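Hello,

Here is the structure we talked about. Please open it and read my notes alongside.

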Amino acid sequence: SNTVAGISVLTGGNLSHCVAANNGTGIQTTDGSVVADCTASGNSGTGINVGNNTVVRSCTSYQNGSQGIITGQGCTVTGCIAGANLNGGVSLGDNGIVTACTVCSNGVSNNLVSGILVGNSCTVKDCIVNTNSSIGIAVAGNNCQITGNTCNENGFLGVDIFGSQTRVDNNNVGNNASYGIYPGNINVHNCIIRNSSPGNSY
């Protein structure tokens with residue numbers, strides 16, 4: 001139990017098969033690192049917080065007081081679980097990729113957080129993003145690819161598109177409390193095709 005970071009990794013470091021619990025931040029790295037097969041839980045801040053050009057693979061981050069996983073730019077998050085974190089599941093910097101992750105039950109009632117939040121030129125593919133308190137996948141940037149995901153039973157929107165030139169393709173977006181897919185501006189060349197959107201309130 002540390003008040004700052006449980007585990008801190010310098011530039012280019014590799015961290016694997018570690019557990020960080022009941023700290024400030026669970027696991028923290030600078031740029032160019034690899035974090036694999038690690039667990040961060042019960043931390044008062046973020047579970048896993050990594051710098052630019054870092055890979056986070058097969059990790060679990062749950063029941064943390066802030067977000068589950070936060071990345072810098074150019075990062076890949078794959079095969080991870082982020083659940084029951086107070087302020088969101090996965091927050092991805094520009095030019096990042098999130099694939100094959102399970103991001104569920106993040107946030108609390110009336111807490112406007114997202115399961116997955118991405119910046120510019122990001123890809124979110126083949127993820128399960130269910131039962132988050134507000135938005136399943138929030139696309140804050142432009143030129144993103146949101147494909148093959150399941151976004152069900154979120155407390156507000158399934159997929160929220162703030163930016164432009166984003167492709168939302170072949171997602172299952174159902175039973176969300178408001179819209180399944182919501183483009184904030186319909187005149188900015190987003191492409192929304194081949195999605196299944198049953199049982200949403202609007």
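**Salt bridges and the sheet**

Arg167, Asp169 and Arg194 are joined in a network of salt bridges. Keep in mind that this is a predicted model.

Start with the charges. Side chains of opposite charge can pair when their charged atoms come close. The structure has 2 salt bridges. In one, Asp169 pairs with Arg167, and the closest N and O atoms are 3.2 Å apart. In the other, Asp169 meets Arg194, at 2.7 Å from N to O. That pair links distant parts of the chain. Asp169 sits in strand 21 (residues 167-169), while Arg194 lies in the segment after strand 23 (191-193), 25 residues apart.

Which of these residues are buried or exposed? Asp169 counts as buried, because its relative accessibility is 5% and the cut-off for buried is under 20%. Arg167 is partly exposed, at 29%. Arg194 is exposed, at 61%.

Look at strand 4 (residues 25-29). It is mostly covered, with 4 of its 5 residues buried. Strand 4 pairs with strand 1 (residues 5-9) over 4 bridges, in the parallel sense. There, Ser8 has Gln28 as its bridge partner. Strand 4 also pairs with strand 7 (residues 48-49), again parallel, over 2 bridges. Here Ile27 partners Ile48.

Further along, strand 13 (residues 90-92) and strand 16 (residues 114-118) pair in parallel over 3 bridges. Ser91 stands opposite Leu117.

Best wishes

Technical notes:
Residues numbered from 1 in each chain as written. Predicted model: local features only at pLDDT ≥ 70, side-chain atom pairs only at ≥ 80, totals over all residues. Heavy atoms only, no water. Buried < 20%, exposed > 50% of the residue type's maximum accessible area, 1.4 Å probe, protein only. Pairing = 2+ DSSP bridges. Salt bridge = Lys/Arg side-chain N within 4 Å of Asp/Glu carboxyl O.
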